[in-house]
Amino acid sequence: MGSTDSKLNFRKAVIQLTTKTQPVEATDDAFWDQFWADTTTTVQDVFALVPAAEIRAVREESPSNLATLCYKAVEKLVQGAECGCPTEREKQVVLNCTRVLTRILPYIFEDQDWRGFFWSTVPGAGRAGTDELDEDDGARPLAESLLLAIADLLFCPDFTVHSHKRGPDSVENMQSIDSCEYIWEAGVGFAQSPPLNYIHDLNRTELLRLLLTCFSEAMYLPPSSDNTVLNPWVTFFCSTENRHALPLFTSLLNVVCAYDPVGYGIPYNHLLFSDYREQLVEQAVQILIVTLEHDGGGGGGSHRPPSPSSMEEQESAGPENLFVNYLSRIHREEDFDFVLKGLARLLTNPLTQTYLPNSTKKIQFHQELLVLFWKLCDFNKKFLFFVLKSSDVLDILVPILFCLNDARADQSRVGLMHIGVFILLLLSGERNFGVRLNKPFSAHVPMDIPVFTGTHADLLIVVFHKIVTTGHQRLQPLFDCLLTIVVNVSPYLKSLSMVAANKLLHLLEAFSTNWFLFSASQNHHLVFFLLEAFNNIIQYQFDGNCNLVYAIIRKRNVFHQLANLPSDSASIQRALQRKRKTPDVISRTSSQETVSMEGSHPAVPAEPGTLKASLIAIPGIDKLTEKSQVSEDGTMVSVPVGDSQHAVQSDQSAVTGTSDTESNSGRDSEDVFYTEAEMERRRLSSASSSSNWVTTPEWVLSWKCKLPLQTIMRLLQVLVPQVEKICIDKGLTDESEILKFLQHGTLVGLLPVPHPILIRKYQANAGTAMWFRTYMWGVVYLRNVDPPIWYDTDVRLFEIQRM
């Protein structure tokens with residue numbers, strides 16, 4: 001009965017607040033205490049009892065009352081942080097204030113006129129009771145007081161951390177407490193694992209939810225390419241002003257990486273009792289990715305030495321982000337091992353199969369984990385090299401490929417597809433990644449891909465083929481990235497299976513049809529990438545790749561057709577006419593599908609009604625990567641732009657704004673950000689009006705003469721007659737005999753001089769930094785549904801769309 005009464009009293013207080021036209025004095029404690037002193041409301045209750053319309057009404061009609069409510073709630077948190085909440089009542093007040101502020105803050109952020117309110121020292125319009133509130137001229141802005149109180153409360157003994165006090169009478173002083181002794185979990189830089197306490201976990205989760213809400217002001221600003229605009233909440237919280245920055249960063253990272261959703265392995269344990277740690281881990285990983293978004297030095301990308309022109313920007317970019325600093329300075333092998341194994345365990349969780357259906361818990365926060373892994377590799381190069389040092393990198397690769405394969409038909413998960421591909425692009429820029437892919441693949445992973453016997457490289461190629469041929473249309477801008485990854489690893493692939501070799505040849509066949517090559521300004525790049533991959537394997541790994549050589553010989557007509565590609569106007573027109581009759585991008589039937597892996601389910605589109613957040617366009621592959629040449633001693637040398645053998649973007653200057661994909665490639669400026677709806681309109685208009693892109697004989701000739709066909713043509717010239725002769729002489733019809741012959745064959749001295757290996761390494765830029773911001777906040781928005789913190793508020797960083 002008590003909880004019903006307290007809900008009723010709370011609701012009455014809300015109604016009073018919304019109906020009062022006169023400012024309520026800040027000193028009227030009897031009125032304000034109704035919101036937090038005598039209630040036992042959950043966060044879900046607060047969201048139900050404080051409707052959006054009423055918050056907006058108070059904001060518009062009696063702004064001073066809303067200002068005082070915010071101020072009083074922050075004041076209570078500050079008092080709680082100072083005294084350490086020794087009584088149950090004080091703990092309850094802190095939690096209630098936390099819930100009220102979590103509910104109200106998004107409505108402060110959505111109104112431009114209110115956004116500065118928390119950064120002022122005096123409460124808003126009504127100025128009620130300002131004498132008492134603004135005691136000294138040096139008063140902190142409300143936002144700073146709030147953030148410091150949350151930080152203190154996250155290390156409050158007997159509230160959010162285990163108490164170390166020796167006797168019943170000793171009290172721990174909140175001001176002198178050394179929070180480094182109270183880190184929440186063993187792991188990086190901390191050896192003791194404190195006892196699990198689900199009340200502490202719940203209280204931490206509530207405070208982190210409020211912290212995330214504070215940081216979410218970024219959602220209410222439109223996308224902008226200006227990377228010097230920092231989130232003031234994150235900037236302050238991650239600065240030296242926060243004395244708990246190090247222990248809190250360590251606590252968040254350790255809690256995430258130490259979490260084991262399967263627990264003791266008892267089947268159905270997640271159905272028998274609530275896992276409070278999971279809620280905490282979800283909030284912790286979201287706080288980490290949001291705080292790591294800005295490196296304070298004025299950029300959302302990698303640590304690179306600043307150019308002289310960016311020095312002034314750095315001055316204005318605010319203080320150093322300590323979370324990024326701490327992340328970049330982790331260096332002990334055991335810490336790297338703890339982080340990598342923790343992330344791999346969590347990412348692998350959705351793949352675990354048991355004989356009892358639904359008997360193990362499946363985590364839902366893999367997108368946040370992928371962003372965290374990205375940040376670790378981006379900000380800590382030692383971590384990246386550690387990941388690639390052993391085959392542990394494959395424990396990250398397999399779950400990423402599983403996610404990509406599973407999400408390929410679901411338009412609401414296009415962001416997940418992008419982050420997965422970006423990580424693989426980043427890894428593929430390092431030689432060790434290509435080498436590690438040669439490890440045999442033997443895991444039983446439930447993927448709807450053909451069963452094959454081979455290596456992790458085969459798995460990667462088979463999944464990429466599946467994405468290209470059976471993924472949805474929105475994935476077309478990723479084709480460049482997928483094939484760049486294949487090119488980057490190709491010089492190191494010792495032995496492709498027949499399945500993977502056939503998949504690569506099928507892609508070449510599909511991409512080299514006349515109508516596909518002529519129908520968009522960028523499509524021929526895909527053929528260049530595939531030819532480059534074949535050349536790398538033939539020149540550097542010929543001995544073990546008889547399957548690929550055999551597949552090339554069988555499909556030799558594809559290469560002859562490319563060499564003889566027509567470039568006269570009549571042929572171009574005929575090819576484009578055929579395109580109009582068959583608008584599908586790729587022949588999805590000519591690749592023979594075989595039995596899929598055991599336990600797999602086909603990839604399915606999103607359920608009708610699924611919510612998704614829009615994304616901005618990604619920059620073209622030429623802006624996403626920079627070229628490096630591998631020298632003889634294995635080191636990489638940067639290639640000046642326009643200096644490579646066949647610059648894949650050689651025709652960029654001739655093409656302006658004509659790409660019919662969602663990629664930014666070929667636009668004059670990479671700072672133009674389009675929402676998905678605008679991109680779709682552009683794609684449709686460019687597909688429907690031929691005036692946007694005219695294929696000319698000159699244009700075809702400009703790149704046809706650069707097709708790198710010499711190596712393959714020489715291989716065919718030498719091997720085809722030999723294979724034909726064997727077949728006639730011995731009457732062979734058996735593939736295995738031909739493969740045996742090719743296995744022992746050699747092309748030493750017969751091929752052109754090996755070309756230098758060219759690697760396209762990922763490079764951060766304003767476009768990718770903005771893409772990450774919109775993607776990350778879109779994930780955070782959609783994952784926080786209980787309570788729905790931002791639902792139905794006027795976010796501007798992205799659009800929420802219903803499928």
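Modeller: A search of the whole structure finds 34 aromatic pairs. Rings of Phe, Tyr and Trp (its six-membered ring) pair if their centres lie within 6.5 Å. This is a predicted model, where local features need pLDDT of at least 70, side-chain atom pairs count only at pLDDT 80 or more, and totals for chains, interfaces and linings use all residues. Residues are numbered from 1 along each chain as its sequence is written, and side-chain values use heavy atoms, with hydrogens and water left out.

Colleague: What makes F422 and W771 an edge-to-face pair?

Modeller: Planes under 30 degrees apart count as stacked, over 60 as edge-to-face and the rest as tilted. The planes of F422 and W771 are 80° apart, and the centres are 5.2 Å apart. So the pair is edge-to-face.

Colleague: Why is the pair of F422 and W771 said to tie parts together?

Modeller: F422 lies in helix α20 (residues 414-428) and W771 in helix α35 (residues 766-783), so the pair links parts 349 residues apart in sequence. Helices (H or I, at least four residues) and strands (E, at least two) are DSSP runs, numbered from the N terminus.

Colleague: Why are α13 and α17 called oblique?

Modeller: The axes of α13 (residues 276-291) and α17 (residues 366-379) cross at roughly 40° and come within 9 Å. Axes are lines fitted to C-alpha atoms, for helices over the stretch in contact, and angles run from 0 to 180 degrees between N-to-C directions. Angles under 35 degrees count as roughly parallel, over 145 as roughly antiparallel, 65 to 115 as roughly perpendicular and the rest as oblique. Hence α13 and α17 are oblique to each other.

Colleague: Which residues make the contact of α13 with α17?

Modeller: V285, Q286, L288 and I289 of α13 and E368, L369, V371 and L372 of α17 make it. Contact means heavy atoms within 4.5 Å. By class, six residues are nonpolar, one is polar and one is charged. Ala, Val, Leu, Ile, Met, Phe, Trp, Tyr, Cys and Pro count as nonpolar, Asp, Glu, Lys and Arg as charged, and the others, Gly among them, as polar.

Colleague: Why are α17 and α18 called roughly perpendicular?

Modeller: The axes of α17 and α18 (residues 381-389) cross at roughly 110° and come within 5 Å. That angle puts them in the perpendicular class, so α17 and α18 are roughly perpendicular. Their contact has seven nonpolar, no polar and two charged residues.

Colleague: What makes α27 and α33 roughly perpendicular?

Modeller: The axes of α27 (residues 546-554) and α33 (residues 710-730) cross at roughly 85°. Therefore α27 and α33 are roughly perpendicular to each other. V549, I552 and I553 in α27 meet I712, L715, L716, L719, V720 and V723 in α33. By class, that contact has nine nonpolar, no polar and no charged residues.

Colleague: Where is the pLDDT under 50?

Modeller: It stays under 50 over residues 643-674, which have 91 contacts beyond four places in sequence in the model. Residues 679-691 are also below 50. pLDDT is the predictor's confidence in each residue, from 0 to 100. Where pLDDT is low, the predicted coordinates should not be read in detail. The protein chain averages a pLDDT of 84, and 81% of the residues score at least 70.
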